[in-house]
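Subject: Structure handover

Hello,

Here is the structure I said I would pass on. Please open it first, and then read the notes below beside it.

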Amino acid sequence: MIVTICVSKKRCYYMFVKQKHVISRHRGKPEKEDTYTRKKKLPMTHGITKITVATTAVMATLAAPAVAMADETTTTGDQTNQAITQAQDSIQQAQQSTTEANQAIAQASPTGVTEAQAKADAAAAALDTAKQNLDAAAAQQQTATNGQQQAQKNYDDANKAQQQAAQDATGTADKIAAAQQAANDASNAINDASKAMRQASDDQSKAEADKRIAQTAKDEATAESASHQQAADKAQTDIDAADRQATDAQKKADAADTAISDAQKKAGRADADAKKAAADKAAAEKELTEARRQQASATGDKTKADEAVNVAQAKLDAARQAEAKALEAKRKADAKVEQLSKDDGGLSDLAAKLEAAKKAAADAATAQQKAEQAQKDADKAVSDSSSNAEAKQQAAADAKSEADAKKEAADEAQDKLSQGAVAYFGDKGVSQAVKVLTDPTVTEYLDAIHNGAKGDATTLDNMIEALKFIQEANQLRAKEGLQPLKVSDTLMAQAMADADYANNNVNHPLQFPASENLAWGYTDPFKGWYDTEKSMYEKDMSDGVLDCKASDGKPVKPCAYGHYTTLVNPDLTLTGFGVSQNGNITGIGGNTHSQLFTENANGIGSDAGRIMDVDAYLTDLTAYRDSLTGADAAYQTALSKSKQAAQDASDAAKALAAAQQSARKAAEEAQQAAQKARDLQAAADEAQKAYDEAVKANEDKAKALEEARKDQADKNAAYSAAQQATKEARSGADAATDAQTAAQTAVDKANTAVAAAQAKIDTADKLTQTAAKNKTDAEAAIKQANTDKTKALADLADAKAAKAEAEKAKQAALEAKTVSDAKVEAADKQVKAADEAIADAKAAYAKAKDDLNAATGKLNDAQNTIKRLQNAEENLKKANAKLTEAQSKLDEANKAKDEADKAYEKAKADYDAKLADKQASDKELAAAKQAEAEARKKAEEEAKKQQEAQKKADQAKKDAEAKKQKAEQAKKQAAGVTNNGLASTGSDTTAIATLAAIMTIAGAGCVLVKVRSAKHADGWHAVED
């Protein structure tokens, strides 16, 4: 290629540069295929391209013209030379760095990454094959080993059998005699053991008979003691019952006093309500009287207005008929005059008018029939609308009554929801459960209970949640094989009370006799009561003893599992549960849970209430809660229906008024149609008559024309008068219709006032009835409360007397029990002595049985020995044959084992060699990759240094250019003549230096040498193309 460099407008230099080629170090493809052709493509690239930079010898060529140049300014030339020298130094340093980088890349050879990778892959494949061969050899070796071991075992067994047979074949007669003696000894031992067993059995029978006698005595004494204890317990129960009876009697007396006071208050409220109802009714009756008076007045005005409308309508109808007749008479008169004025007497016109009049009369008759049918339909619509309005009015009244009832029920339901469990227990007739939640004499910490408050255990939602926990408890008991717990109303109430107490106290309240589990801060308390404590219990029981130590002797900490054992106690059958979210314990807060347990209803200490399965209880409570929560929705629905019914009644009333208006209009149109039909029929008759008269009158035309004109004048005057009368009648009819509409509005208003007043009276009557009922109930309640109080005081006295009797009975029972307990103790000693005798007899029997079994075994062994010795010779022959066969198979197995061992050793040696090759090739590959990476890194660093050097050279070039320009300016000042008078004949030194610097820098990319690597027999060598 040719490079052109110009240092001024008139001075340029040309340089021929031969471009060499570079082989890619990745795949061996040349970058310039136009000037380099590869004769043979290598299977893979093994070398790394080495790039060297050579600077072309341009300096000599450029410097030749400078010989003839005149001297220039010394200072400028020195500065230029210095700049060029610095540039050349920078270039030389960059070239040196590049050379070092290329050498580093070349030194990464001779082993290339690709060759090392191929070598590693081949070594891996060879290693896999060797591994497969080794595994196969090992399997064969194991098979041979197993065969050898089995053959050795068979040989050992055969050898042992042969030795036994050989021994049996020597001294056979003596051995048989010894075996026979052993058999006789064993038979004698069997007889002795059998006798000992019979004796032990007899001893055991006697001891058991003694025990039964002693046990009977003990049972009788125990039963007697238990009977006395039951008597004492019954007496205590009677005492407790008497105490409860006394307490209940006192409570009933107090309750009776409270009931009397409440009933008296209720009676007072009933009297006040009655008075208010009477006053409200009196005021409403006055309103009703006035409303009815206005209703009667409005109805009378309406009747008069209807009559006035009818009279005015009749006048209007008469006026319209008179006007129509006058018009018809006028038309006839006009027509007659017109007919007589014609030459033919107007017979043709009269004939045409006669036909038109007949058709109009027929059409009017048809229209009259339609109008009369429309009037009938309108009258029916009025009747139907009236019936519908009455029905809708009644429906509205019924809907309002239902809404009022639903409102009362909703208010009652809301009150019960606010009471929570108290309302539920009360509605179910469970008085004891109500007392637990309301009576301070029953529940010690009653102030902790907030019945129905949010988060309190007594809310219906928390009751339902509590029952779900009981379901979970029964599921856990089922896992332990236990029966499910049943639910008691009283225990439920007590558990709620304890849960509310636990909201602010971390201890058991102990206000009820039942067993109890408490938990604070749990979402599910059974995670602690069951899961955690069961694991501690099982760990403690791992040594079979509950001693707070595990089977390894280490202590179980914490050793606390009372909640678990209570939950899974099979004797407990009844439960109650309480849940609250109002926990207020510092650091815990949140949920509190309480579960109570008793063995039976007597353990509750009071009336247990209902006892139910938890599922049935939950269903009943959920239905109760839903009925209360649904009451308000039912009221809202009823209220909506009431409003809709009222709207429907109003719409029906409006529809009735519209139907009545339509009926009136239809009647008016029917009358008009009938009148029009009559008028048109009369016109048709007149047209017929006119036609007939015209025919007759045509005979005396002149006379008739004169009379007709006179009649025409009379008829015109009469028609004008009729028009005026019709106008006046129409005005009167309009005024009457307006008065009728106003009267109807007054009637409707009066009807509404009457209905409102009647509704007030009805409400007052209902309040009066309610007040009367409430007073009657209150008086009955007072009477009943007085009766209850009297009975309660009598019961109190009876209870105290019963308690005294019960205490005497208890003392007597306890004294009798002391005597019975002494009898139990004596009988128990006899039972224990019998147990010891039974144990001794059983031990003797067991020893005799063991002796019998041992003697029987010895007898069997002796008999088998005799049988074997009797066949000793034959057994020896068979044993020798089996031993020979076993020896042969053992030799074969040993040979197969040796061959398998050799094959395995060979495969193992091959595998070890392949493994060493693989490890060596992996190491070589890793070294090649590391060398390549380090060389590349160094080359990149040196390239950066070369770029910095080039930047410095560029700057030197700029500085040389500046000095060159300065020198040229100096030459121009010398007018083209050097200091010694010689003309300039070549390039100056600055230009040569500048061009040399440029060429030095550019030369780095001008000459490239391609280097590849080839593997020879003695190693890797660089080959230059």
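Two strands count as paired if DSSP finds at least two bridges between them. With that in mind, leucine 518 stands opposite serine 594 in β6. Please keep in mind that this is a predicted model.

The sheet

The sheet is open and has 5 strands, in the order β4-β6-β5-β3-β7, with mixed pairing. Which strands stand at the edges? They are β4 and β7 (611–612); each has a single partner strand, so one side of each is left without a neighbour in the sheet.

Strand β4 covers residues 515–520, and its pairing with β6 is antiparallel, over 6 bridges. On the other pairing of β6, strand β5 (residues 574–583) is its antiparallel partner over 8 bridges. Within that pairing, glycine 576 has leucine 596 of β6 as its bridge partner. β5 and β6 also form a hairpin, with 6 residues between them. In the turn of this hairpin sits glycine 587, which has a positive phi of about 85°.

Is strand β6 mostly covered or mostly uncovered? Strand β6 runs over residues 590–598 and is mostly covered, with 7 of its 9 residues buried.

The parallel part of the sheet includes strand β3 (residues 486–488), which pairs with β5 over 2 bridges. There, lysine 486 stands opposite leucine 574 in β5.

The helices

Threonine 459 is in the loop between α7 (431–438) and α8 (460–479). Why does threonine 459 count as buried? Its relative accessible area is 13%, and buried means under 20%. Apart from its neighbours within four places in sequence, threonine 459 is in contact with Gly452 and Ala453.

In α7 the buried residues are Gln432, Ala433, Val434, Val436 and Leu437. They pack against α6 (421–427) and α9 (489–502).

For the pair α7 and α9, the axes are 8 Å apart and the packing angle is about 10°. That angle makes α7 roughly parallel to α9. On the α7 side, the contact is made by Gln432, Ala433, Val436 and Leu437. On the α9 side, the contact residues are Asp489, Thr490, Ala493, Gln494 and Met496. Sorted by class, this contact has 5 nonpolar, 3 polar and 1 charged residues.

The disulfide

How many disulfides does a search of the whole structure find? The search finds 1. A disulfide is a covalent bond between the sulfur atoms of two cysteines. Here the bond joins cysteine 548 to cysteine 559, with an S to S distance of 1.9 Å. The link between cysteine 548 and cysteine 559 is left-handed, with -80° about the S-S bond. Both cysteine 548 and cysteine 559 lie in the loop between α10 (526–540) and α11 (562–567), so the pair ties together parts that are 11 residues apart in sequence.

Are these cysteines buried, exposed or in between? Cysteine 548 is partly exposed, with a relative accessible area of 32%. Cysteine 559 also counts as partly exposed, at 28% relative accessibility.

Regards

Note on methods. Residues are numbered from 1 along each chain as its sequence is written. This is a predicted model: local features need pLDDT of at least 70, side-chain atom pairs count only at pLDDT 80 or more; totals for chains, interfaces and linings use all residues. Side-chain values use heavy atoms; hydrogens and water are left out. Helices (H or I, at least four residues) and strands (E, at least two) are DSSP runs, numbered from the N terminus. Buried means under 20% relative accessible area, exposed over 50%, partly exposed in between (1.4 Å probe, protein chains only). Contact means heavy atoms within 4.5 Å. Axes are lines fitted to C-alpha atoms, for helices over the stretch in contact, and angles run from 0 to 180 degrees between N-to-C directions. Angles under 35 degrees count as roughly parallel, over 145 as roughly antiparallel, 65 to 115 as roughly perpendicular and the rest as oblique. Ala, Val, Leu, Ile, Met, Phe, Trp, Tyr, Cys and Pro count as nonpolar, Asp, Glu, Lys and Arg as charged, and the others, Gly among them, as polar. A disulfide is a pair of cysteine sulfur atoms within 2.5 Å.
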